[in-house]
Each structure stands twice: as structure tokens, then as C-alpha cells.
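This report describes selected features of a predicted model. Its sections take up strand pairing, backbone geometry, salt bridges and surface charge in turn.

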Amino acid sequence: MIDVRDVVVEYGKKAAAVRAVDGLSLRVAPGESLALIGPSGCGKSSLLFAMAGLIRPTAGTISVNGESLTRPRREIALILQNAGLLPWKTVWQNANLSLLLGREYPRVTAQAVLDELGLGEVKRRYPSELSEGMKRRVGVARALSTSPSVMLMDEPLASLDTLTKERIQDLFLRLWVRHAFALVLVTHDIEEAAFLGQRVAVLSDRPAQIKEIVENPAMGELNYRDTAAFADTVQRLRAGLER
Amino acid sequence: MAKPRAKRALAYVTDRVRDRSFAGRIAIYIGSLALLFGLWEVASLVILKVKGVEYLPNPVKAITEMQRLGPLLFRNFWTSAWRLVLAILIAFSTGYPLGLLIGQERWLDRFFSPIIYIVYPIPQVAFILLLFLVFGIGNPVKVAIVAIAIFFQLLVSARGAAKEIDPEHVTSVLSAGASRFQTYWHVVIPETLPSILTSLRVSVGLGMAFLYIAEISGSVSPGRGGLGAFIKASSFNTTQQAAGILAMALLGLVLYVIIDIIERVVCRWRYTARRST
Ligand SMILES: Nc1ncnc2c1ncn2[C@@H]1O[C@H](COP(=O)(O)OP(=O)(O)OP(=O)(O)O)[C@@H](O)[C@H]1O
Ligand SMILES: [Mg+2]
């Protein structure tokens, strides 16, 4: 369970301070999925980085399973905007970055995770030798490698073509069901939010505040993209963003 | 009949040039050296024609002279080589890490940048006399002069490279739980290595120039004073001088090749992108 309470994130000092997140509160229960959608530059990444323990909120608290968060933790995984792969490390090394950094976890899963994501064949390659979609999947493999209970994603599929994007969204859904992590997905793609969020929080312009929370209970149904419920959620999200 | 044959010959040559195999690369190396020696020959002929004196001996003469001088030249080559290599090692092992730290840690940058801006633009040769006066003209000072020059070169470029680090790479290892040291080891160093190695290549030329100046200043013993001293002592024997210069060029070439090999190994990831998949 991740609990964000009255969090403020500011950059810079005093008069020159830029407020990116403005007293925002939200809760994500174990195994739940929440999508955050908002305009470009509104402070989505800042909020997510705070939830990953990478930046300390200027005010407010963030706690994970009752413990307050002060630094990155093994049970919280973060997938970055461009997968965040290190070009000088192979797919295998990138996927097992946590192991490389000396954080122990059951190693047997590493190969299994790569196979599950269809990366078993390319594990000795460098990122520059992969397609864009493969790179994102390596980012996913890295996040899964520590068996996290919370998965944070920062626009994980930005600038992918529609087909690849939908294929990986399907993958995310399967992984979410199978691995039962809580998912917090930041995106500015309305359909992505409607496809992957049980709830979708619509954020305001900078500084980010929650304007509205759209419930999306039918999410995860078979061929959800083709249903009326999906179209309805998309409709409501669009209205929420424009408001 | 002549035309297609010429075409075929041309195709043969261009094929060899594009050939990326080991033999192909050697062939290109030899071709490029042949061009250089050809130009040298022409320059030598022109100078002889215009001035009537052979100030610039042709390559064949220079190489023959190198052979004739044999052990004497080699001793000097060896002296210069270890001085230069030692200076490079000292400068690299201090300037590179220090430059990275200054580029990464803001408070260090604030403190050291003014010093760098003041000291870096002064040509380091300006300190030679001072160093000679204080420490004498022995080996340590000669190595130190070269090391100081390269040190600043590497320091400034390491600092610049460390400022260009992609923040996403840092975020990526931090979120995987990296310590500060691990951030340096897994991101800052590999990401800056290519540009530092480029800078190291520039430093070889720079270091050579400073070594020459250091070696022609102070004692000049043609026996083991280094190539600079040898060249200076050969002022009135242009053939011997050309042999010394050629030996210096050879030293540079060896160092460049070594740096190339090091880059191929430590920056392996940069060379795989060209491999077709
Ligand atoms: N390290 C930083 N220093 C200063 N200002 C920053 C920093 N990081 C972000 N900002 C500012 O904070 C605001 C919010 O940035 P943030 O990256 O959180 O937005 P975002 O919603 O993720 O944007 P995008 O959709 O472009 O990813 C922006 O105005 C940005 O300029
Ligand atoms: Mg962002």
C-alpha cells in the first residue's frame, strides 16, 4: 500500500522556486492499478520520482506499507520515459542492474523474466542493437527483476507506433495480473490510461493537483478496447482534461 | 579491352578499401603511409630544386639513417617513450577522476572552476624555467612538465564530459539502488570514457610538443637525453635530424595505436552498433 499525503514538490529556492506538485494526496492499495493523466510539464514525473524515493518532497509524506519513504527501495520499481537503459551494458546486464549493484533477489527468475518478455535470444546484445519496442521491454524486465510490489511507470510507451504500443499495453496487463503488483502509470495518452487504470486521476496544469478521479471498473475485460465501457471512459477522461 | 580492365582494377581497389577485415585495414594503413612518404619525397625534391641544398632528406635516406644509427637512436627513443608514457599515466590517473568529480559535484565545481579558468589558459611552457630553477633539470622535472600540460587538458575535458551525463542514466541506476560510488562506476565513467580517450589522443600530440621542449632545454647529452636532445644535437646534420624526427613520429604512432586498441576494448558497446543484425 502506497500512501501519498499532501505532497508538495518544488525545484529551486525561495523566489525562484518552481512548484511542480501542489499538495497532492492519493492512495494505491496492493495489486491495484492507478493511471495518472495530465498535460505535458504538469509535474507527473516529479510526483512519480517522489514516490520512487528519488526526490524528497518539499512538504507532505509518502509511506509504503506504513513505513515512510526516504530512499529508493527494492519493492518499488520504476520504469523511465525512455526505458533508461545503459548503452554500455548488455541486455542481460541492464535487466539485472539491481543484481549488479549488489541487491540480492532470487536469481532463478532472471532468465525466466527475459524469456517471458521474449528477450531470451538477445540477452548478449547492446541496447543500440535493439528495436525501440525491445528496449522498452528490457526496461520492463529490469523492473520485474526485483519482484516489486509497486510498479511505477513514467510514460513507458511514449513515441512508439500504435501497434507496438498496444502490444506492450497488453503485456503490461498480463504482467499486472500475473505478478499482482500495484501499478501507478503516468501517461498523457488517454487510451492508455483507460486501458490500464482501474482508476484514472486527471491532473491539472502545473502545479499538479488532482482535478478528478474517473472510475474504470470494467478495465481488464476481454478485448476491452472494443467495448462501450472503454469508449465511455475515454470520453469522460477527455472531458476531464478539457475542463 | 583496356577500359573494362581499368574499371575492374578500380573496383578491386575500392573493394579493398571498403574491406573491413584485418588484411583490408592493414592495406589501407600501408596505402596511407605510402601517400605520406610520397608527399615527403615531393617536398624534399622541391626544396632541393629551389634551394640547391638538401635541407629535407628524402624518406629513403631518413630510414637508412635510422638503421645506421641503430642502438643510439633506440636508446633515445626509449628515454622519450618512458618519459611520455609515465607523464600520460600520471596525468590520466589524476586529471580524469578529478575532472569527473568537479563536473559532478556542484560545490567542488564552484571552488575549483575559478582556479582552472586562471591556470588553464596560461601556456604551461611558461612554468618550465621556474621548474628548472627550483627542481633542476633531471628526469622528474621533464616528466612533470609533460604531465602538467596533459593533466589540465584531461581535467578540463573530463569536467565537460561529466556535465553532459544523461540524467536519465543516473536516475536509472539510483532507482535500482546504486550508491554514489556505484553511480560513478556504472554511469559516469563509462559515459565519459569515449570523449576522454579522444582527449587523450590530442594529449599525445600536446605531450610530445612539451616533451620536445623539455628535452632541448637544460642538459643535452646525445647519448640518452631523449629524442628532443638528439634532434637538437643533430642541428648540423639534416639526415640525422630527419631520422630523429621520424623516430618521434613513430613514437606517436605507437601511442595512437595503443589508445585505439584500448578504446576498442573498453568501449566495445560503441562498435557493435555498426554490426548488421
Ligand atoms: N530538476 C529540476 N529542476 C528544476 N525544475 C524542474 C526539474 N525537474 C522538473 N522541473 C520543472 O518542474 C515542472 C514539472 O516537471 P515534470 O518533469 O515533473 O513534468 P511532467 O508532467 O513529467 O512533464 P512531461 O510530460 O514533459 O514528462 C516543469 O515545469 C519542469 O520544468
Ligand atoms: Mg515526465
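## A hairpin in chain A

In this predicted model, A:V9 has its bridge partner at A:V21, which belongs to strand 2 of chain A. That pair belongs to the contact between strand 1 (residues 2-11) and strand 2 (residues 18-28) of chain A, which run antiparallel and are joined by seven bridges. The two strands form a hairpin with six residues between them, and within the turn A:G12 adopts a positive phi of about 80°.

## Salt bridges between separate parts of chain A

Over all chains, the count of salt bridges comes to 23. One of them joins the side chains of A:R199 and A:E32, with an N to O distance of 2.8 Å. This pair links distant parts of the chain, 167 residues apart, since A:R199 is in strand 9 (residues 199-203) of chain A, while A:E32 is in the loop between strand 2 and strand 3 (33-37) of chain A. Both A:R199 and A:E32 are buried.

A salt bridge with an N to O distance of 3.9 Å brings together the side chains of A:E155 and A:K44. Because A:E155 lies in the loop between strand 7 (150-154) and helix 6 (162-179) of chain A and A:K44 lies in helix 1 (residues 44-51) of chain A, the pair ties together parts that are 111 residues apart in sequence. A:E155 counts as buried because its relative accessible area is 7%, under the 20% limit for that class, and A:K44 is likewise buried, at 4% relative accessibility.

The side chains of A:R243 and A:E212 also meet in a salt bridge, at 2.9 Å from N to O. A:R243 lies in the segment after helix 8 (228-242) of chain A and A:E212 in strand 10 (residues 210-215) of chain A, so this pair ties together parts that are 31 residues apart in sequence. A:R243 counts as exposed, with 64% relative accessibility, whereas A:E212 is partly exposed, with a relative accessible area of 23%.

## Backbone features in the loops of chain A

A:E155, a member of one of the salt bridges described above, has a positive phi of about 40° although it is not a glycine. A:A180, also not a glycine, has a positive phi of about 55°, and its place is in the loop between helix 6 and strand 8 (182-187) of chain A.

A cis peptide bond joins A:R206 to A:P207, with omega at about -5°. A:P207 is located in the loop between strand 9 and strand 10 of chain A.

## Charges in chain B and across the two chains

In chain B, a network of salt bridges links B:R201, B:D260, B:E263 and B:R270. A patch of positive charge on the surface draws on both chains, gathering A:K13 and A:K14 together with B:R106 and B:R110. Of these residues, B:R110 is found in helix 5 (residues 106-119) of chain B, and B:R110 counts as exposed because its relative accessibility is 61%, over the 50% limit.

Another exposed lysine position in chain B is B:K51, whose relative accessible area is 57%. B:K51 has its place in helix 2 (residues 22-51) of chain B. The C-alpha atoms of B:K51 and B:I63 are separated by 23 Å, the two residues being 12 residues apart along the chain.

How values were computed:
Residues are numbered from 1 along each chain as its sequence is written. Chains are lettered from A and ligands numbered from 1 in the order in which they are written. This is a predicted model: local features need pLDDT of at least 70, side-chain atom pairs count only at pLDDT 80 or more; totals for chains, interfaces and linings use all residues. Side-chain values use heavy atoms; hydrogens and water are left out. Patches are made of residues with over 30% relative accessible area and no salt bridge: like charges are joined within 9 Å, nonpolar side chains (Val, Leu, Ile, Met, Phe, Trp, Tyr) within 5 Å. Accessible areas come from the Shrake-Rupley method with a 1.4 Å probe; for residues, only the protein chains shown count as cover. A salt bridge is a side-chain nitrogen of Lys or Arg within 4 Å of a carboxyl oxygen of Asp or Glu. Lys and Arg count as positive and Asp and Glu as negative; His and the chain ends are not counted. The place of a charge is taken as NZ of Lys, CZ of Arg, CG of Asp or CD of Glu. Helices (H or I, at least four residues) and strands (E, at least two) are DSSP runs, numbered from the N terminus. Buried means under 20% relative accessible area, exposed over 50%, partly exposed in between (1.4 Å probe, protein chains only). Two strands pair if DSSP finds at least two bridges between them.
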